[in-house]
Number of protein chains: 2
Amino acid sequence: MVEFYIKNEVTHELPSNDLPKFYSFGVPTYTNLGDQAVSLAQKKYIEREFPEYQFIEILEDDNDEGIEIVKKAIRPGDIVSFVGGGNMGSLYTDHEEARRKVFSTFVDNLTISFPQSMHFEDNEHGKAEEKLSQAAYAKNSHLFLIARDAQSYHRMQTTFKNKVLFTPDMVLYMKPVKHEVERSSALIVLRHDSEKVVKQETVDGIKNMLSDNYSVDETDTVLDTVKRITPINREKLFKQELELFAKQEIIVTDRWHAMVFSVLTGTPCLLFGNSYGKGKHAYFDWLEHINWVSYTDEDDLERIQQQVNELMQVHTHEYDIKDDFNQLRHVIQLNSNKYGL
Amino acid sequence: MVEFYIKNEVTHELPSNDLPKFYSFGVPTYTNLGDQAVSLAQKKYIEREFPEYQFIEILEDDNDEGIEIVKKAIRPGDIVSFVGGGNMGSLYTDHEEARRKVFSTFVDNLTISFPQSMHFEDNEHGKAEEKLSQAAYAKNSHLFLIARDAQSYHRMQTTFKNKVLFTPDMVLYMKPVKHEVERSSALIVLRHDSEKVVKQETVDGIKNMLSDNYSVDETDTVLDTVKRITPINREKLFKQELELFAKQEIIVTDRWHAMVFSVLTGTPCLLFGNSYGKGKHAYFDWLEHINWVSYTDEDDLERIQQQVNELMQVHTHEYDIKDDFNQLRHVIQLNSNKYGL
C-alpha cells in the first residue's frame, strides 16, 4: 500500500482538503545519509519558505503506484517535484527511470527537478540512457531542471531543451548547528562505490599521518546500522550524523555530503574527487569562501599534510548561502502568484 | 558631441524609425582587448539572436550625455544594457559609477547587466562603494544582473535584491576560428595592474623553461600600439589578436581573456590566478571540459613544466557553449513576447 508522508506522519490516502499540494517524489529509503539529508532539506525548504503548500512525500519505492494516485487528485496550481542529489544520468538507472516517469506524467503542472549533478557516460549505454531521458523530459514544458554545480548546469543545458536553474545542493539550506562537544578525533569518510577514485595508497598515507596526532576512525555516510530510512526516522539519524561530525578535529573524505556536514558543524574538512567531479565543482561553486573546508586532487602526502595543517588553523565564521536559492524561490513564487495562492 | 554606433557606422542622433531598440551602454574606448572583445561579442549576440532590435552602442566616455538623449527617445519594449567584463565592484569606480547611473535611470525598461565578475573590497572603501551600488541598483525592478562565474553569482545574490542570472563571459559566444598559420613560438601574456598576483620569480622560471624549446615573447592584451578603440576599429584589432594567438605553440597567462582567445583559436594555454579569483572560477565553471586549456596555482616549476607538457599533447575538439547563454536568451525572449516584437 502506498505511503504518503505529511508532516511527520504516514498516511495511505491523499488528504481531502483544499490546500494546494507540493508533491515530492523520489524520496529514498536506502541508507545513504547524504541522499536522506537532501530529501529532508527539501521538506524544510518548502515548509519554511512556502507554507501555503501542503508538502507530501512519496517514496521512490512507491513511484509507480504513487503516480497513479496523484494523477487522479492533482489540480492546477499543485507542484510536482523529484528528489535532488547526484544521480541524474546513466550511473543509477533505477533512479533515472523513476525520474523520467514523474516528469513525463505531470506535464501540466510546474515540475521541479531539485538540484542535481548530472553524468551520462560517454559510451553506448550512456548515449542510450540520455536519449530516453531527453524524450521523457521533453514532454514537460513546465519542467525546471536545477543544477547544483556549474559543470552539471552546462551539461543539462546542452542535453535538454528544458529551462535550467542554478542553485546549491539543498542540504546547504540547512541551518548550521553548534554542538557543545569536545573535538577529539579524526574521521576518514570514504565511498565504496563505482565513483571512487582516490588511491588506497593515498588513503593509507593519510591514515598514518593523522594517527600521529589523533585517534583515527574510518566510516562512510552510508549507514549499515539501519536497514531502511523513511521521512519518519530520517531527521534523527541526520542529527546523529552531525553530532558525529562535530566531535572530529578533522574530516578527510571523497563524499560531497561529508563536506556539507562539515560545513554545517564547523568541522575542518579536506575533500577529494570522485569519478566525474561533482564534489570538486560544487566546492568551487559554493564553498570556496568557507575557510574550514578545502578541496584537493593531491597525492603528494607532504602537500596533503600542509593542507590539513592549514585547515586546523582556521577559525569558523558566519556564512549565508540562502540567497543562492533565489532562482528556485522565484519559480515557485511565480506559480503561487499565477494561481493566487 | 555624443556618438551612437549602429552597425558599423557612427551617427550623432538616434535613428527616427519604429524599430525597437537595444541600447548598449558602457562601451569602452581604452585599449584592453579583452574588454573590447566583450562589447564586440554583445553586439554579435544581439544582432544574430535578436535581429528584431536595432542595436545601438554608446561609449562609456559619453555616458552622461548619452543617457540624457536616450531618456527622451526610449519607448516601452526597448532594452537597456551595460557592458560586461570584470569590473563590477570597488576596484574600478569610474565604471561602477557609470553603471549605477544607467541602472537607476531607465527603471521602466528591461535592463541587462551583461555577464560580469564582481568584487567589492572588504574594507571601508569597498563597503561604501557597495552601499552606493545597492541603492542605485535597487531603484530598477526590471534589472537583471548576470554573473559570469559562480563566485560572482553568489556575491551578486547576497549583495543585491535584483534577479541574478548565470551565463559565461560574452566572448565565449564568439565562434572558434581556424587559422592556417604555423605555430612557432610561446607567448607570455601578463597583466600589469593591481590584480596581478603571480610572482616575478615564477614568471622568470617559466620564461627560462619555455626558452629551451621556443622563442618566447611577452605581451599583454592591453595594446600600446593604438590610443583609442571604438566599435569601428574594434573587430579588426580583435581579429589581429586572434591571429597572434593562433601562431603560438603555448600561451602562459594571468589574463582571463587570454585564455578565452586561446579557446577560440585552439591554442594550448595555462592560466594563473588574479587577486580575486575571477579567471579561476570562470575556468572551472565553463572551460574545464576544453582539453587545451588549464588552470593552475602552482609555483613549483617542475609541476608547471608537467602541466605545459600535458597541454602540448592534447588534440583540439569540438565544443559548444552557446546553450549556456539560455538564461539571457530567455529574459530577452520574454520581453519580445510581452511587447509583440
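**Close-up views of a predicted model**

A search of the whole structure, over all chains, finds 46 aromatic pairs. Rings of Phe, Tyr and Trp (its six-membered ring) pair if their centres lie within 6.5 Å; planes under 30 degrees apart count as stacked, over 60 as edge-to-face and the rest as tilted. The model is predicted, local features need pLDDT of at least 70, side-chain atom pairs count only at pLDDT 80 or more, and totals for chains, interfaces and linings use all residues. Residues are numbered from 1 along each chain as its sequence is written, chains are lettered from A in the order in which they are written, and side-chain values use heavy atoms, without hydrogens and water.

**View 1. Phe166(A) and Tyr153(B) form a tilted pair.** Their ring centres are 5.1 Å apart, with the planes at 40 degrees. Phe166(A) lies in strand β9 (residues 163-166) of chain A and Tyr153(B) in helix α5 (residues 150-159) of chain B, so the pair joins two chains. Helices (H or I, at least four residues) and strands (E, at least two) are DSSP runs, numbered from the N terminus. Both Phe166(A) and Tyr153(B) are buried (under 20% relative accessible area, 1.4 Å probe, protein chains only).

**View 2. Phe166(A) and Phe166(B) are stacked.** Here the centres lie 4.2 Å apart and the planes meet at 5 degrees. Ring pairs link Tyr153(A), Phe166(A), Trp286(A), Tyr153(B), Phe166(B) and Trp286(B) into a cluster.

**View 3. Strand β6 (residues 85-89) of chain A is mostly covered.** Five of its five residues are buried. β6(A) pairs with strand β7 (residues 111-119) of chain A in the parallel sense, over three bridges (pairing takes at least two DSSP bridges). Gly85(A) has Gln116(A) in β7(A) as its bridge partner.

Note on methods: Buried means under 20% relative accessible area, exposed over 50%, partly exposed in between (1.4 Å probe, protein chains only).
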